[in-house]
Amino acid sequence: MASERPTQRPRVFSGIQPTAGSFHLGNYLGAVRQWVALQETHDAVYSVVDLHAITIAQDPKELRDATRLAAAQLLGAGLDPERCTLFVQSHVPEHSQLAWVMNCLTGFGEAARMTQFKDKSAKQGAEGTTVGLFTYPVLQAADILLYQTDQVPVGEDQRQHIELTRDLAQRFNGRYGDTFTLPAAYILKEAARIGDLQDPAIKMSKSASSPKGIVWLMDEPRVSAKKFRSAVTDTDTVIRYDPEAKPGVSNLLDVYSALSGESVARLEEKFAGQLYGALKTELAEVFTDWVQPFRTRTLEYLDDPAELDATLARGAAKAREVATRTLEAVYERVGFLPPR
């Protein structure tokens with residue numbers, strides 16, 4: 001079943017959880033920047049996935065605030081509601097409805113083998129692990145299949161979830177007839193892997209990074225600039241790109257290149273003969289110049305929550321035009337009695 005498309009472009013779907021508050025630099029360079037670019041080449045569907053967020057306990061007010069903040073940051077980063085579909089997951093009930101059907105096609109062992117579930121449940125223990133966390137990958141599969149998605153922009157660590165999604169789509173199609181598009185992983189090979197500024201061997205992330213090692217985009221720029229100036233480098237004094245021998249300096253060069261568009265090789269030439277302080281100081285300035293417009297745009301959206309909510313409502317209506325057609329086809333093929 002191929003849903004009607006506004007263009008002949010391949011459709012992409014991706015989602016981001018609203019639990020982190022401010023995006024950090026790794027979020028932006030690793031994913032959001034690519035989302036913005038994909039608007040130009042794809043029929044892009046993006047969601048703030050608040051249903052996924054409640055696999056762990058959330059304060060209701062904080063979740064609502066975080067959902068608006070995530071949406072405002074996506075818009076501030078350059079997502080254009082006229083060129084993509086942007087909505088909040090819980091505003092489109094078809095996600096949950098399709099997830100139940102997919103749950104009934106998923107084997108227990110199949111779900112238990114998912115790497116992220118094994119990792120997170122090991123950390124949380126049996127008492128802290130919910131059924132929602134166990135079935136999280138199935139809801140993620142429903143998110144993707146609901147929009148007849150061709151490609152899913154993900155990192156290598158998410159490839160297993162795409163494989164499960166394809167397996168479930170093929171299982172449904174084999175049992176009930178051709179219904180779902182089989183999505184492919186759109187691996188973001190050029191996405192920068194940004195390391196913790198204090199421990200560049202680990203990826204910058206909310207859960208793993210130290211307070212001084214993570215750069216939050218909504219922080220005052222002077223706070224982030226200070227983190228760049230105090231970033232870990234190494235005992236050598238040569239500014240050279242070598243991720244194995246010089247992970248700290250290489251991480252700073254990656255960030256500088258990603259924000260400025262200059263190649264790493266060009267930056268090595270630029271800073272030849274200079275000490276680390278010059279690189280750190282200039283990178284802090286480059287980041288400040290880049291992040292200030294982003295923060296300004298984001299705060300403008302947050303200052304008008306009624307308009308932000310209206311934008312998200314329009315996005316949900318647009319998303320439901322596709323989601324409703326898919327779910328109606330699924331329900332008919334499964335054998336549910338249609339409402340009258």
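How are helix 3 and helix 13 oriented to each other? In this predicted model, helix 3 (residues 60-77) and helix 13 (residues 305-334) pack at an angle of about 80°, with their axes 11 Å apart. The two helices are therefore roughly perpendicular to each other, since angles of 65 to 115 degrees fall in that class.

**Contact of helix 3 with helix 13**

- On the side of helix 3, the residues that meet helix 13 are Arg68, Ala71, Ala72 and Leu75.
- Their counterparts in helix 13 are Pro305, Leu308, Asp309 and Leu312.
- Sorted by class, this contact comprises six nonpolar residues and two charged residues, with no polar ones.

- Strand 1 (residues 11-16) and strand 2 (residues 43-48) are paired in the parallel sense, over six bridges.
- Two of the residue pairings can be named: Phe13 has Val45 of strand 2 as its bridge partner, and Ser14 has Tyr46 of strand 2.
- Strand 2 also pairs with strand 3 in the parallel sense, here over five bridges.
- Tyr46 takes part in this pairing as well, with Leu86 in strand 3 as its bridge partner.
- Strand 1 is mostly covered, five of its six residues being buried.
- In strand 2, six of the six residues are buried, so the strand is largely enclosed by the rest of the structure.
- The cover of strand 2 extends to both faces: Asp43, Val45 and Ser47 are buried on one side, and Ala44, Tyr46 and Val48 are buried on the other.
- Strand 3 (residues 84-88) is likewise mostly covered, with five of its five residues buried.
- Both faces of strand 3 are covered, with Cys84, Leu86 and Val88 buried on one side and Thr85 and Phe87 on the other.

**Nonpolar cores**

- In soluble globular proteins, nonpolar side chains tend to be buried together.
- The largest nonpolar core in this model contains 57 residues.
- The residues with the most contacts inside this core are Leu25, Tyr46, Leu74, Leu217, Phe228 and Phe287.
- Helix 12 (residues 276-302) gives the most to this core, contributing nine residues.
- Another core, of 37 residues, lies apart from the largest one and includes Leu98, Phe117, Ile187 and Ala323.
- Beyond its neighbours within four places in sequence, Leu74 is in contact with Ile16, Phe23, Val32, Trp35, Val48, Leu79 and Leu86.
- Among these contacts of Leu74, Val48 is a buried residue of strand 2 and Leu86 is a buried residue of strand 3.

**Gln148**

- Gln148 is placed in the loop between helix 7 (131-145) and strand 4 (151-154).
- The phi angle of Gln148 is near 50°, a positive value in a residue other than glycine.
- Is Gln148 buried or exposed? At 1% relative accessibility, Gln148 counts as buried, because the cut-off for that class is under 20%.

**Val223**

- Val223 belongs to helix 9 (residues 221-229).
- With a relative accessible area of 31%, Val223 is partly exposed, because this class lies between the 20% limit for buried and the 50% limit for exposed.
- Val223 and Phe271 are separated by 48 residues in sequence and by 24 Å in space, C-alpha to C-alpha.

Notes
Residues numbered from 1 in each chain as written. Predicted model: local features only at pLDDT ≥ 70, side-chain atom pairs only at ≥ 80, totals over all residues. Heavy atoms only, no water. Core = buried A, V, L, I, M, F, W, Y, C linked by side-chain atoms within 4.5 Å. Buried < 20%, exposed > 50% of the residue type's maximum accessible area, 1.4 Å probe, protein only. Helix = DSSP H or I, 4+ residues; strand = E, 2+ residues; numbered from the N terminus. Contact = heavy atoms within 4.5 Å. Axes fitted to C-alpha atoms, helices over the stretch in contact; angles between N-to-C directions. Parallel < 35°, antiparallel > 145°, perpendicular 65-115°, else oblique. Nonpolar A, V, L, I, M, F, W, Y, C, P; charged D, E, K, R; others polar. Pairing = 2+ DSSP bridges.
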